[in-house]
Every structure is written in structure tokens, then in C-alpha cells.
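Here's a quick briefing to read with the structure open beside you. Take a look around first, then work through the topics below.

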Amino acid sequence: MLSLPNLLTLSRIFAVPLLAALLWWPDWPLGYGLAFAMYCLMGITDYFDGYLARAQGTVSKLGVFLDPIADKIMVAAVILVLSAQGVLRGPYVGDMHVIAGLVILIREIAVSGLREFLGGLQVSVPVSKLAKWKTTFQMVCLGALILGQAMPGWLMTLPFGATGFVVNVPHTVGLTTLWGAAVLTVITGWDYLRVGLKHMD
């Protein structure tokens, strides 16, 4: 319970409310700057808790249980707060970017339920390489969206239309990779579902 990897995992879970609080005011660049730093730190601990557990031979059932939960709680909290505060908004499609966030949340809930079902049947579903790419896209897109609010002056003019239009660079990267994450989410979710359907006779 008190091994260093487990403590790092628990620290990510306990840090989520503070992260959500910092994201609550989208017009507060300093708050979003602090949130970005915290988000990066949480991502670093996500890597090191697994690395240390394997290196020290202290992989525990609690760690295996908590690690994916910590990731999902953080991702869900960030998506929900950014959606509520209107950060998932962009040119042309407006708030439609919320749909990409919704797809990610639905998939995470569905796959968690499916894993619980398969676990009761003693069926293990390994994480695929594509699922790891999905996680990478999620982490990048949410970090970029937070950074965009922290640096509102990081602007670029895109040559579309008669006069072009100005966009925030990290925000635009965040919205683009958010849709990439949503597509990978659907693909990997279907892969898990196909495995599950074989055991639902």
C-alpha cells in the first residue's frame, strides 16, 4: 500500500480536484499555467510509478487496480471542466468539439465495464499498441488545450478565406489531436468489444 509506486499513483488521484479547480476560470492564464505544470507532473508520475514498480519488483494488485483508474479520473475531469468552461470550442464547428470529448468518455466507461465483465470470467485483454497511441493522443490534446488558455497570445494566422483567421496555436493543436484521440478511441473500443462478444454466449 505504501510503496513508492502506489504513493505516486495515489498522488495523481488526490491532485485531480486541485487540477479541476485551476481549470475552472478559462480567463485566468496564470491558473491555466499552473494547471499545465501540474498536468505535466501528473503525466511524469504516471510513467515513473509503473517503471519503478517493475524495476523494484513491487508490482502490486492495488497498483494494477489504481493506475488505470487514476488515468481515467484525470482525463474525465479535464474533459468535463474544459467542456463546461467552453474551452472545447473552435472555428467553424463551435462547440461540436465536445462530441469528441464525449466519445472518449463513453469509450472509457464502456471498456471499464467490459474489463470488469471479462475479469469475472478470468479473461485477460492486453493493451494493444494502438491503445497506447490513443492514450498518447489524449494526453497531448488535453495538455495542448490547457496550454492554449495559459498562453492566449500564442497566435497564428491561417491562410483560409479572404483575409484568413487568427487561431491560438496550442489550442488548435489540442482540438485537432482531440479528434485524433476520439477516432483511435472508437477503433480500440471496437477491438475490446469484439473480444467481449466472444464470451457473451
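**Charged pairs and their neighbours**

Arg 194 is partly exposed, because its relative accessibility is 44% (buried means under 20% relative accessible area, exposed means over 50%, and partly exposed is in between, with a 1.4 Å probe and protein chains only). Before going on, know that this is a predicted model, where local features need pLDDT of at least 70, side-chain atom pairs count only at pLDDT 80 or more, and totals for chains, interfaces and linings use all residues. Residues are numbered from 1 along each chain as its sequence is written, and side-chain values use heavy atoms, with hydrogens and water left out.

**Salt bridges**

- The side chain of Arg 194 meets that of Asp 191 in a salt bridge, at 2.9 Å from N to O (a salt bridge is a side-chain nitrogen of Lys or Arg within 4 Å of a carboxyl oxygen of Asp or Glu).
- Both Arg 194 and Asp 191 sit in helix H6 (residues 169-197), 3 residues apart, which is about one turn of the helix (helices are DSSP runs of H or I with at least four residues, strands are runs of E with at least two, and the numbering goes from the N terminus).
- Asp 191 has a relative accessible area of 27%, so it counts as partly exposed.
- Salt bridges with shared partners also tie Arg 12, Asp 46, Asp 67 and Asp 71 into one network.
- How many salt bridges does the rule give? The count comes to 8.
- One of them brings together the side chains of Lys 72 and Glu 108, with 3.5 Å from N to O.
- That pair links distant parts of the chain: Lys 72 is in helix H3 (residues 61-84) and Glu 108 is in helix H4 (residues 97-120), 36 residues apart.
- Is Glu 108 buried or exposed? Glu 108 is buried, because its relative accessible area is 9%, whereas Lys 72 is partly exposed at 29%.
- Arg 89 and Asp 95 form a salt bridge too, and their closest N and O atoms are 2.9 Å apart.
- Arg 89 is partly exposed at 44% relative accessibility, and Asp 95 is partly exposed at 43%.

**A threonine in a helix**

- Thr 45 belongs to helix H2 (residues 29-56).
- With a relative accessible area of 12%, Thr 45 is buried.
- What does the side chain of Thr 45 reach? It reaches the backbone oxygen of Met 42, at 2.8 Å.
- Leaving aside residues up to four places away in sequence, Thr 45 touches Leu 8 and Arg 12 (contact means heavy atoms within 4.5 Å).

**Cysteines**

- The disulfide count is 0 (a disulfide is a pair of cysteine sulfur atoms within 2.5 Å).
- Cys 40 is in no disulfide, and the nearest cysteine sulfur, belonging to Cys 141, is 13 Å away.
- Cys 40 is partly exposed, with a relative accessible area of 34%, while Cys 141 is buried at 1%.

**Aromatic pairs**

- There are 2 aromatic pairs (rings of Phe, Tyr and Trp, using the six-membered ring of Trp, pair if their centres lie within 6.5 Å; planes under 30 degrees apart count as stacked, over 60 as edge-to-face and the rest as tilted).
- Trp 25 and Trp 28 make an edge-to-face pair, 6.3 Å centre to centre and with 75° between the planes.
- Trp 28 is partly exposed, at 34% relative accessibility.
- Tyr 47 and Phe 48 also pair edge-to-face, 5.1 Å centre to centre and with 80° between the planes.

Note on methods: A polar contact is a pair of N or O atoms within 3.5 Å; within protein, one must be able to donate a hydrogen and the other to accept it, and residues adjacent in sequence count only if both atoms are side-chain atoms.
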